[in-house]
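Here's a friendly walk through one protein chain. Have a look at the sequence and the 3D view first, then read on.

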Amino acid sequence: AGGAYVPLDPTYPNERLAFMLADAQVSVLLVQPHLVEKIPTHQAQVVCTDSECQQFAVYSPENPISEVTPENLAYVIYTSGSTGKPKGAMNTHKGLCNRLLWMQDTYQLTATDKVLQKTPFSFDVSVWEFFWPLFTGASLVLAKPGGHQDSRYLVQLITQRKNYLHCTLFPQCCKVFLEEKELEKCGSIKRVICSGEALPSDLQQRFFERLNAELHNLYGPTEAAIDVTFWSCQPNSHDKIVPIGRPIANTQIYILDKHLQPVPIGVGGELHIGGLGLARGYLNKPELTKEKFISSPFELGKYLYKTGDLARYRPDGNIEYLGRIDHQVKIRGFRIELGEIEAVLGQHPQVRETVVVNREDIPKNHRLVAYVVTHSQTTFSVHELRDYLKEKLPDYMVPSAFIKLDKLPLTPNGKIDRSALPATDIQRPDLKEVYEAPNSEVERAIAKIWLEILHLEKVGVNDNFFELGGNSLLMVQVNNKLREVLHCDISVVEMFQNPTIKSLAKHINPNARETSTFESLNHRIQKQRKAVSRQKTFIQQRRKIK
């Protein structure tokens with residue numbers, strides 16, 4: 001029809017959705033009826049996809065006459081922005097078509113194949129999941145909302161499909177997926193594509209131990225039509241770093257120093273992208289576009305996108321990803337500008353200074369930690385700061401822990417010394433819920449698992465799993481332990497709906513009667529009486545022996 005689409009995740013805070021609607025100047029809003037009342041104020045024409053579907057039936061089945069050119073916009077996807085507001089990357093039909101045609105040339109999807117669509121549609125990986133099967137005649141298998149977070153559900157969904165199936169998994173999700181006990185039933189998986197964050201070499205090895213399928217490692221930012229490099233992983237590889245490979249069709253990759261000069265092979269530099277897949281820039285942000293999309297020093301009239309990623313060329317011509325140059329991070333596949341969280345948190349009246357970092361205090365468990373310096377005489381309230389951020393940022397951008405400091409550590413030249421920031425401790429964080437100890441057997445079993453997974457010393461039955469530092473991947477680990485210990489059939493989605501020990505215990509065992517305070521006290525008294533009785537018996541027996 002000629003328009004560009006802008007995905008709007010209904011789980012985002014209203015303030016963020018309002019900004020995206022206004023910034024994109026959306027003219028038509030496709031929405032399900034139950035979400036109409038939740039949409040912030042806007043000027044768009046609303047079309048309810050469910051209730052108005054009968055009207056669509058009378059429309060002409062002929063394709064509309066379109067004057068779309070390859071340079072026109074196909075979609076705008078918003079990513080985290082360092083200024084405190086998200087930024088919309090404007091991708092063209094030319095870039096998307098090049099990406100999809102390369103994918104078909106490389107992987108040869110057929111009409112008998114199936115593609116699993118499980119990535120939330122607000123992320124650019126979903127773009128190829130939607131369109132690749134549709135223009136090749138393959139089938140699209142749609143996972144239920146939130147299904148991407150439930151590896152057990154995904155195993156069941158895949159098991160039902162007999163034809164060859166292709167799917168994408170972020171590395172952290174892949175790690176959890178590979179630990180599913182019934183994974184051997186997923187024989188229909190033909191190809192798994194990992195992208196979104198670095199693929200660890202041990203995870204690559206684990207994949208080939210558990211699945212008889214292809215594994216491909218793709219790399220690319222939202223600003224360049226999803227992916228720009230590709231690598232076919234090999235079993236029994238001894239590479240310590242899994243490469244991101246070579247450029248896809250009609251794409252150029254340059255690894256440059258700060259003077260925009262190519263670095264030698266084996267030397268790290270900033271990865272720059274050129275070619276057909278380049279986005280037009282950022283919507284309504286000309287200065288940022290000029291900063292990130294620079295004139296190419298190698299081709300007149302062409303542009304390069306500065307990724308901020310550190311990479312190097314191997315002697316064989318393949319590329320290795322080495323990490324970030326700036327303070328942008330990827331956690332569980334989510335691209336996050338730490339500066340955006342800092343900017344929003346710094347607007348809170350209690351906060352004088354703040355810095356947010358990505359920590360790995362628990363091996364292979366990355367999480368956001370906010371360090372806060374408050375104004376003098378100000379009471380520090382963690383739950384107030386957390387609730388404040390939840391109103392303005394998506395859940396995945398809300399730090400797991402908040403640590404109060406008297407001042408931020410500085411380097412000799414006056415910059416914040418992130419390496420000197422203290423690690424998080426194992427104490428129960430400051431929550432608004434009053435501590436209440438686990439009471440029933442089920443509550444104690446759940447609490448024991450939480451303590452083990454979250455590396456804490458104490459948790460209460462009313463504590464929220466996510467406010468204790470949990471995340472979706474740790475929730476999956478808890479789910480696996482619960483099924484093993486309590487022999488209960490509970491999904492990850494149900495656990496998301498019951499994020500406290502008390503609510504989860506009631507959901508698992510709804511007929512269980514809570515132990516009253518009197519019963520609990522009486523139980524302890526009886527145990528003490530038995531202990532005293534055993535002690536008396538022991539003393540009497542020793543006297544008889546003497």
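What follows goes from the domains down to single residues.

## Ground rules

This is a predicted model, so local features need pLDDT of at least 70 and side-chain atom pairs count only at pLDDT 80 or more, while totals for chains, interfaces and linings use all residues. Residues are numbered from 1 along each chain as its sequence is written, and side-chain values use heavy atoms, with hydrogens and water left out.

## The domains

The protein chain is assigned domain 1 (1-65), domain 2 (69-324), domain 3 (347-404) and domain 4 (436-538). These bounds come from an automatic or database domain assignment.

## Where domain 3 meets domain 4

Seven residues from domain 3 and eight residues from domain 4 make up the contact, where contact means heavy atoms within 4.5 Å. The size of an interface is often given as the accessible area lost when the parts come together. Here domain 3 and domain 4 bury about 540 Å² between them, with 44% of it on carbon and sulfur atoms. Buried area is the accessible area (1.4 Å probe) that two parts lose on being put together, summed over both.

How many salt bridges are there between domain 3 and domain 4? The count is one, and the side chains that meet in it are E467 and K390, at 3.4 Å, N to O. For a salt bridge, a side-chain nitrogen of Lys or Arg has to be within 4 Å of a carboxyl oxygen of Asp or Glu. On the domain 3 side that touches domain 4, β21 (365-374) and α10 (382-390) are the elements giving two or more residues. The largest share, three residues, comes from β21. Sorted by class, this side of domain 3 has one nonpolar, three polar and three charged residues. In that sorting, Ala, Val, Leu, Ile, Met, Phe, Trp, Tyr, Cys and Pro count as nonpolar, Asp, Glu, Lys and Arg as charged, and the others, Gly among them, as polar. Helices (H or I, at least four residues) and strands (E, at least two) are DSSP runs, numbered from the N terminus.

## Helix α1 and its covers

Helix α1 covers residues 14-24, and its buried residues are R16, L17, M20, L21 and D23. Buried means under 20% relative accessible area, exposed over 50%, and partly exposed in between (1.4 Å probe, protein chains only). Why might buried positions in a helix be spaced out? An α-helix has 3.6 residues a turn, so residues three or four places apart point the same way. Among what covers the buried residues of α1 are β1 (28-31), β3 (73-79) and α9 (338-345). Just after α1, Q25 has a positive phi of about 50 degrees.

## Salt bridges that span the chain

The rule gives 24 salt bridges. One of them joins the side chains of E15 and K392, 2.9 Å apart, N to O. That pair links distant parts of the chain, with E15 in helix α1 and K392 in the loop between α10 and β22 (401-404), 377 residues apart. E15 is partly exposed at 34% relative accessibility, whereas K392 is buried at 18%.

Another pair is E337 and K87, whose side chains meet at 3.8 Å, N to O. E337 is in strand β19 (residues 334-337) and K87 in strand β4 (residues 87-92), so this pair ties together parts that are 250 residues apart in sequence. Both E337 and K87 are buried. D227 and R99 also form a salt bridge, with their closest N and O atoms 2.6 Å apart. D227 is buried at 2% relative accessible area, and R99 is buried at 1%. There's a network of salt bridges too, linking D239, R312, R314, D316 and E320.

## Two residues up close

Is H272 buried or exposed? H272 is buried, with a relative accessible area of 0%, and its place is in strand β13 (residues 269-275). A polar atom of the H272 side chain lies 2.9 Å from the backbone oxygen of E270. Not counting residues up to four places away in sequence, H272 touches several others, including Q252, Y254, L304 and K306.

I508 sits in helix α14 (residues 501-508) and is partly exposed at 22% relative accessibility. Leaving aside neighbours within four places in sequence, I508 is in contact with I446, L482, L486, C488 and I490. I508 and V442 are 66 residues apart in sequence and 8.3 Å apart in space, C-alpha to C-alpha.

How values were computed: A polar contact is a pair of N or O atoms within 3.5 Å; within protein, one must be able to donate a hydrogen and the other to accept it, and residues adjacent in sequence count only if both atoms are side-chain atoms.
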